[in-house]
Amino acid sequence: MKAAIYDAPGLPLRIADVPDPRPGPGQAVIRVSACGVCGSDLHATTPEGDLARRGGVLGHEVTGEIVEIGPDPVGDRTVGDRVYAIPLGSCGRCPHCRLDHPEVCPNQVTFGALGPDEPDGAYAEYLTVSLSDLLAVPDHIGMDVAALCEPLATGLMCVRQARLEIGQRVLILGAGPIGLAATIWARFLGTRRVVVAERVEHRRKLAMRLGATDTIDAGSGTDVAEQFAELTGAEPDAVIEAVGRPGMLNAAVAAVRPHGTVVTGGVCMEPDSFDHLLAYVKEPHIRTARVYTKDENRFILEMIETGRVDPTPMISHRIGLDALPTVFEALRTPTDQCKVMVMP
Ligand SMILES: [Zn+2]
Ligand SMILES: [Zn+2]
């Protein structure tokens, strides 16, 4: 099959022929229908991030069709099923997996090559997945839209960690896919003001389309906290940091109200200095957001299926696998792209 290989930081991905994957016990092979390009993949392949496995295949936001099921299967999936694969790589057999909580499986091997031991991901024609991580994609949802479930789950997790109550105000820093997904859920959950700070105008417009009540141009020199106060007459109850660059955590703490909540959704890959005195004065709750549950993913597919959320505008481009190396490099400088879907 064809796959996009990651060689080393600074080198573009390389399309190559590699052996077709075979399913092990409890696994299936899917023909990849859509795989989103994720900011983590971009971060992890920079000299500073340098986390991705060399020689590996990235890609973890994936839908596909089952073409083969391995020995000793769990569950009742069959060949031909359209599925969304949660990228956990759970074992399907431990007590947590048996209780439908693969997110706490101790045997996880998250696919997508974002670590030295992680198996290959979905920038390829075929992918090996765990049967216990699969959810059916409802017939009338496009496979590209269903693949948004992964960033939507990350955004939902950020909003869950923000502990927002109905009528509160949230500031979201950054309108990349995670910031936008958080925007969708903050709106959905009855937040009074959903204010998104973002430098790129196109992304601010997208944030408004997806549920922001206001946006702030976060370009050079803007005091985001001051603008938030001007717009809403208050300080944010929660700040969701969805940029992941040095300095952003301090910016979030600086903006949040005393005793408010800061969520680190962006995940800075570099060491970052932290202003302890600022945090000392405000006593914010600082929460990280790492893993979503299988049931949250199920909920998201159901909300899309019933038309209660429509994340489709997040998809800005649909490309073939051959175009990926060039597009992947271009994504390092944001312009008009949001979520790029690779459709091999
Ligand atoms: Zn991702
Ligand atoms: Zn397990």
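**Entry 1: the zinc site**

I count as donors the N, O and S atoms within 2.8 Å of the metal (3.2 Å for Na, K and Ca); water is not among the atoms, so sites may look incomplete. I found it coordinated by the SG atoms of Cys 91, Cys 94, Cys 97 and Cys 105, at 2.3 to 2.4 Å. Along the chain, these donors follow the spacing C-x2-C-x2-C-x7-C.

Next I checked the geometry. The angles among the 4 donor atoms run from 103 to 118°, and the site is tetrahedral (for four donors, all angles between 85 and 135 degrees).

I also asked myself: is Cys 97 buried or exposed? Cys 97 counts as buried because its relative accessibility is 9%, whereas Cys 91, at 23%, counts as partly exposed. Here buried means under 20% relative accessible area, exposed over 50%, and partly exposed in between (1.4 Å probe, protein chains only).

**Entry 2: two domains**

I then turned to the domains, whose bounds come from an automatic or database domain assignment. Domain 1 takes in 2–148 + 311–342, and domain 2 covers 151–288. Their C-alpha centres lie 28 Å apart.

I looked at how they meet: 17 residues of domain 1 are in contact (heavy atoms within 4.5 Å) with 15 residues of domain 2. Between them the two domains bury about 1,500 Å², 71% of it on carbon and sulfur atoms. On the domain 1 side, His 43, Pro 313 and Met 314 lose the most area to domain 2, together 35% of what that side buries. Buried area is the accessible area (1.4 Å probe) that two parts lose on being put together, summed over both.

**Entry 3: salt bridges**

Side chains of opposite charge can pair when their charged atoms come close. I searched for salt bridges, meaning a side-chain nitrogen of Lys or Arg within 4 Å of a carboxyl oxygen of Asp or Glu. How many does the whole structure hold? My search found 18 salt bridges, but 0 between domain 1 and domain 2.

I noted two of the pairs. Asp 50 meets Arg 54 at 2.9 Å, N to O; Asp 50 is partly exposed at 34%, and Arg 54 is partly exposed at 48%. Arg 93 and Asp 72 form another salt bridge, at 3.9 Å, N to O.

**Entry 4: ground rules**

I number residues from 1 along each chain as its sequence is written, with chains lettered from A and ligands numbered from 1 in the order in which they are written. For this predicted model, local features need pLDDT of at least 70, side-chain atom pairs count only at pLDDT 80 or more, and totals for chains, interfaces and linings use all residues, while side-chain values use heavy atoms, leaving out hydrogens and water.

Technical notes:
Tetrahedral: all angles 85-135°; square planar, octahedral: opposite > 155°, others 65-115°.
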